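Please walk me through this protein, with attention to its annotated site and its aromatic contacts.

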Amino acid sequence: MARTRSSTSKWRYCHPSYYLKRPKRLAFLFLAFACASLLVWDRQTLLKEHEEEILKLNAEVVRLKSMVGEVNYKPGNKEEDVDDPIDVERREKVKEAMIHAWSSYEKYAWGKDELQPQSKNGFNSFGGVGATLIDSLDTLYIMGLDKQFQKAKEWVANSLDFNKNYDASVFETTIRVVGGLLSAYDLSGDKVFLDKARDMADRLLPAWDTPSGIPYNLINLVGGRPHNPSWNGGLSILADSGTEQLEFISLSQRTGDPKYQQKVENVISQLNKSFPDDGLLPIYIDQNEGKASSSTITFGAMGDSFYEYLLKVWIHGNKTAAFTVDKVTGCGMNALWKPASPLEQTRGYPSLVQVVPELIGLRFLQQDSSLSSSQYVRINLRERILLILSNLMVNPLRPLSALSCNFTIGWLCGRASYVISNFQPMWTDMNVGTSWNILRPETVESLFYLWRLTGNKTYKEWGWNIFQAFEKNSRVESGYVGLRDVKTGDKDNMMQSFFLAETLKYLYLLFSPPSVIPLDEWVFNTEAHPLRIVTRNEGGDLERSDEKSKPSIRLRGRKEGRSK
C-alpha cells in the first residue's frame, strides 16, 4: 500500500530545523539570498545613477531654453509687439472678467474694502480705506479701462479718508494702499496718488519707533499707538516687518524725503547684524533687541515675503546690496531641501522635485505650506531658479483646472514657489491638504514670470486653463467668489481685492507682449503693484524721480490696453 504525504509535510521547507539537518541546502539558500541582495543593490545603484543623469540633462535643457528665451525676448526686439491672435482674444476675455468684477464692486460696494457678491453688499475688512478700489487702480490703467480709472481717481481725490479709528496691519496697508497708490502714480503721473500714499505712510511711520527700529505690526490710523498682537507673545513677525522696503524706498525716491527709506533700510541693517550663515531667520523677531527669537523657520506664511523683498529691493535698487541675494538664494534654500521619495515619483511627481518643510528647532514638520524645489546642481542662479520652477510646475498644476490647488508662488523675482500639501510620515506621499480656493494669484504669477523668462507657451496654456476654471466655477451674477470646497463647488461670499489687483493682472500680462510692463524697468510688489525702477547710487543717495519726466504711455487701442 502506497504511503500518502501529509499536508503538513509541504511546510517543512519553511522550518529552520529542515536546513540545519541538511548543510548543503542551507549553503545553497544563503548563496541564493546573497545573489538576490546583490542584484537589488545593483539595480538601485543604476537607478540612482540614472536619476543623476536625468538631473544633469534637465539642467542643460533649462539652460538652453533660457538662452533661447533671452535671444527671443531681448529689450527692443521688434517681435515683442507682434501679437498672436489667440493671445489677443484671451486678453480680451481677461479684460471682460475685470470689467465684470469691477462693475459689480462699483454697483454694490463702492468705496468699501471688498465686495460680498452673494449678498450684494460691501464689507470693510481693512478699516474702510477702499482697498479693492486702490488695489485695482493699476490694473484698470494697464488694461486701458480709462473711464473706470478716471472715476476711481476722482474718488481717491475727493472721498478717500484715512482718519479711521482702526488698528491697521502695517504690512497689509503698505502693500495694498501705499503700493497701489504709488503704482498708480508711476503709471499715470497724477500727483494725487503720490500725496495720498505719503499721507498713509506718515500714519504708519510711528510703528518703526522701537529701540531697534524693527517695526510693530499694528498701528491705529488716527491715534498711532503701535503694538503687536498678543497671540504670538507680543513679538514682531518677520514677513510683516520686512515687506515694506519697496514701497517706502520708492516713496522717498519720489518725494525726495529720506525718512521713509531710512526707516525700512534700518530694519535690514539690524537683521543683518545677526544674520545666520544659512540665510534663514525665524518668523518671530524681538522688536526691542532687534534679534530673532527661537521659532519656526519657513518660506511659507509669516516668512515668505521677507525673502521675496530682499531680492526685489536688490533689483529695484540697481542691484547694489549684494548680501541680500547671496544669503537667501544660496545657503538659505539649500539648508532646507529634502529629497522626494521613490513613491512620490511613482505617484506622478518628477524625480527632480524635492519638498522643503518648515523647521522648528532641529525638527522638520511633516505638514506645511512649504517650498517645493528641485535637486541642487552647480549651475548659475538664473538657471537654478528656472530649473526649480519648471520642474515644480510639471505636475502640481494638473489639478488646477478643477481649482483644487491653492497656490504656487514664483520665487523668480523673490517669490518662493510652494504648494499647500500634507506630507505623510517618512515623506512617502503627498496630497492636497486643503480643498478651498479663494482665487489666489500666485500660480498665475509664477506662470507669468516663467513665460517672460523662457518664452515657453506651455505656461500660457496652463494660465488659460486656470482662467477658464475661474470663469466656470467662481463667476456669479455680481462678481467672483471663492470656493469653500473645490470638490463640491460650495461657494463663499467674498471677492478678495487681490483677485483684481493680482490674479487678473497677471493673467492679462501673461497674454500680453513683454513690452507691457517690462521686467527690466518695473518691479512688482507682493500685491502685484508695479513700481518703476529708478537710478540709485551705491551709497543709497536719492534721485528725486518726480522731477523727471514720467514714462510715456503708448496706447495700443482701448481694446488692447497699454504698452510701456
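The paragraphs below take the annotated site, then the aromatic pairs.

The model is predicted: local features need pLDDT of at least 70, side-chain atom pairs count only at pLDDT 80 or more, and totals for chains, interfaces and linings use all residues. Residues are numbered from 1 along each chain as its sequence is written, and side-chain values use heavy atoms, with hydrogens and water left out.

An unreviewed UniProt entry lists T526 under "binding site"; UniProt positions are in the numbering used here, feature names are shortened, and annotations may be inferred rather than shown by experiment. T526 sits in the loop between strand 19 (522-524) and strand 20 (530-532). Helices (H or I, at least four residues) and strands (E, at least two) are DSSP runs, numbered from the N terminus. T526 is buried, at 7% relative accessibility; buried means under 20% relative accessible area, exposed over 50%, and partly exposed in between (1.4 Å probe, protein chains only).

Aromatic rings come next. Rings of Phe, Tyr and Trp (its six-membered ring) pair if their centres lie within 6.5 Å; planes under 30 degrees apart count as stacked, over 60 as edge-to-face and the rest as tilted. By this rule there are 18 aromatic pairs. One of them joins W102 and Y105, with centres 5.6 Å apart and planes at 40°, so the pair is tilted. Both residues belong to helix 3 (residues 85-108), 3 residues apart, and are therefore separated by about one helical turn. W102 is buried at 2%, and Y105 is buried at 0%.
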